[in-house]
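Here is a friendly briefing to read with the model open on your screen.

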Amino acid sequence: MINFLKVAFFSVLMVGGFWGYSNFGIPQIKPAPPPVEEKLDLGAMTMDQFVALGGTIFNGKGTCTLCHNKMGRAPMLDKIGTVAPERLKDARYKGTAKTIEEYLHESLTKPSAFVVAGFGKSGSNDTESPMPDVTGGGIGLNEAELAAVIAYLQDSGGAEVTVTIPAMPAAGAAAPKAEEAAPLKTAQEVIAKYGCGACHKVADQTGEIGPNLTKLGATKNKDYIRQALLDPDAVIAKGFPGGMMPKTYGEQMKAQELEMLVNYLAGLK
Ligand code: HEC
Ligand code: HEC
């Protein structure tokens, strides 16, 4: 009996070991599952749950934290309740929003309607925002997800939550589902969506925290670049801080997008 248990235990260990190896040992670049496929059962949701859903989208599918983080490449949003009314009074404000909720909606869907001073694309004199339209192809939030994110921003930014949870569609109508965004079409779109330009000089972006990538292909091959994206800490570029580059690209990017990006960067000479 003891022997049987030993053998059984050993087999479990082996199988577990291989399972672990195949799952964690081999870098996975299978097409990432849609990052957060939230089941939107809106009818049954309380406002607290709706706000929490917004937080999940903000930190996941929305990719907001790639730019809105402590590194200062995009404004922090934790005081947006007091900041938004000031934006609306700004002499440069030319948008159409009248309320905090409208300002947030506009910021998310027409980022260039008002560009926070000092945060515009370089050379645009703060008339063009580096932020993508979050309902566009890259991030692809639908109306319900957008409303949830706005509710979250109001709640976490010290404003009254004025968003109403979108009504449940009539029975039989298709539920608003978080559709998987189609893969991006160009490497430039991938760079914009994943915020590489916040830290790197690449495409038309001018980040300075990481190495300049505009001639990367002259010294680095595709394998090196792929590894730099999937496992950024494997090799730390000389003269730059390790641990800064997000480690989540391997999960977030579709395999197709990753390869397009690798080919693009390897071609920059
Ligand atoms: C590629 C980087 C990037 C991503 C991704 C991004 N943003 Fe932004 N965002 C910016 C920058 C830069 C600004 C400041 C320039 C401007 O006003 O448009 C900004 C401005 C804003 C503003 C206005 C802030 C203010 O102080 O007036 C809001 C609100 C906002 N973003 C929310 C979001 C949310 C929510 C998401 C995710 C769904 C998101 N952003 C994704 C870069 C980004
Ligand atoms: C938060 C800042 C940040 C973001 C966002 C970021 N990187 Fe980086 N990246 C760095 C830093 C810092 C280094 C240098 C340290 C290291 O090698 O990890 C680096 C290193 C690299 C390298 C290796 C360069 C070399 O010469 O060895 C490549 C390639 C790269 N990044 C590509 C990208 C791409 C493409 C994106 C967007 C998908 C991106 N990075 C997003 C900060 C960032």
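A residue counts as near a molecule if one of its heavy atoms lies within 4 Å of it. By that cut-off 30 residues are around ligand 1, and 28 residues surround ligand 2. Please keep in mind that this is a predicted model. Each ligand carries an iron atom, coordinated by His68 and Met131 in ligand 1 and by His200 and Met245 in ligand 2.

**The iron of ligand 1**

- The protein atoms that coordinate the iron atom of ligand 1 are NE2 of His68 and SD of Met131, at 2.0 to 2.1 Å.
- This iron atom has six donor atoms, and with angles of 87 to 180° among them its site is octahedral.
- Histidine 68 belongs to the loop between α2 (47-59) and α3, while methionine 131 belongs to the loop between α4 and α5, so the pair ties together parts that are 63 residues apart in sequence.
- For orientation, ideal angles at a metal with six octahedral donors are 90 or 180 degrees.

- If you look for ligand 1, you will find it in the largest pocket.
- The residues that come nearest to ligand 1 are Cys64, Cys67, His68, Tyr103 and Met131.
- The shell around ligand 1 is made up of 23 nonpolar, five polar and two charged residues.
- Three helices, α3 (80-89), α4 (100-109) and α5 (143-156), each supply at least two residues of this shell.
- The largest share comes from α4, with four residues.

- The side chain of serine 129 places an N or O atom 2.6 Å from an oxygen atom of ligand 1.
- A side-chain N or O atom of histidine 68 is 2.8 Å from a nitrogen atom of ligand 1.
- Phenylalanine 114 takes part through its backbone, with a polar atom 3.3 Å from an oxygen atom of ligand 1.

**The iron of ligand 2**

- Here the iron atom is coordinated by NE2 of His200 and SD of Met245, at 2.0 to 2.2 Å.
- The site of the iron atom of ligand 2 is octahedral, with angles of 85 to 178° among its six donor atoms.
- Histidine 200 sits in the loop between α6 (187-193) and β1 (201-202), and methionine 245 sits in the loop between α7 (222-230) and α8 (249-252), so the pair ties together parts that are 45 residues apart in sequence.

**The surroundings of ligand 2**

- Ligand 2 takes up the space of the second largest pocket.
- Closest to ligand 2 are Cys196, Cys199, His200, Tyr224 and Met245.
- By class, the shell around ligand 2 holds 24 nonpolar, three polar and one charged residues.
- Both α7 and α9 (255-266) supply at least two residues of this shell.
- The largest share, three residues, is from α7.

**Polar contacts of ligand 2**

- Alanine 237 has a backbone N or O atom 2.8 Å from an oxygen atom of ligand 2.
- A polar backbone atom of valine 235 is 3.3 Å from an oxygen atom of ligand 2.
- For proline 232, a backbone N or O atom lies 3.4 Å from an oxygen atom of ligand 2.

- Aspartate 126 is not a glycine, yet its phi is positive, at about 60°.
- You will find aspartate 126 in the loop between α4 and α5, the loop that also holds methionine 131.
- Alanine 203 is another residue other than glycine with a positive phi, near 50°.
- The place of alanine 203 is the loop between β1 and β2 (205-206).

How values were computed: Residues numbered from 1 in each chain as written. Chains lettered and ligands numbered in written order. Predicted model: local features only at pLDDT ≥ 70, side-chain atom pairs only at ≥ 80, totals over all residues. Heavy atoms only, no water. Polar contact = N/O pair within 3.5 Å; in protein donor to acceptor, adjacent residues only side chain to side chain. 1 Å grid on protein atoms, 1.4 Å probe; cavity = no way out; pocket = protein on both sides within 12 Å on 5 of 7 lines; lining within 4 Å. Sits in = over half its atoms within 2 Å of the grid points. Nonpolar A, V, L, I, M, F, W, Y, C, P; charged D, E, K, R; others polar. Donors = N, O, S within 2.8 Å, 3.2 Å for Na, K, Ca; no water. Tetrahedral: all angles 85-135°; square planar, octahedral: opposite > 155°, others 65-115°.
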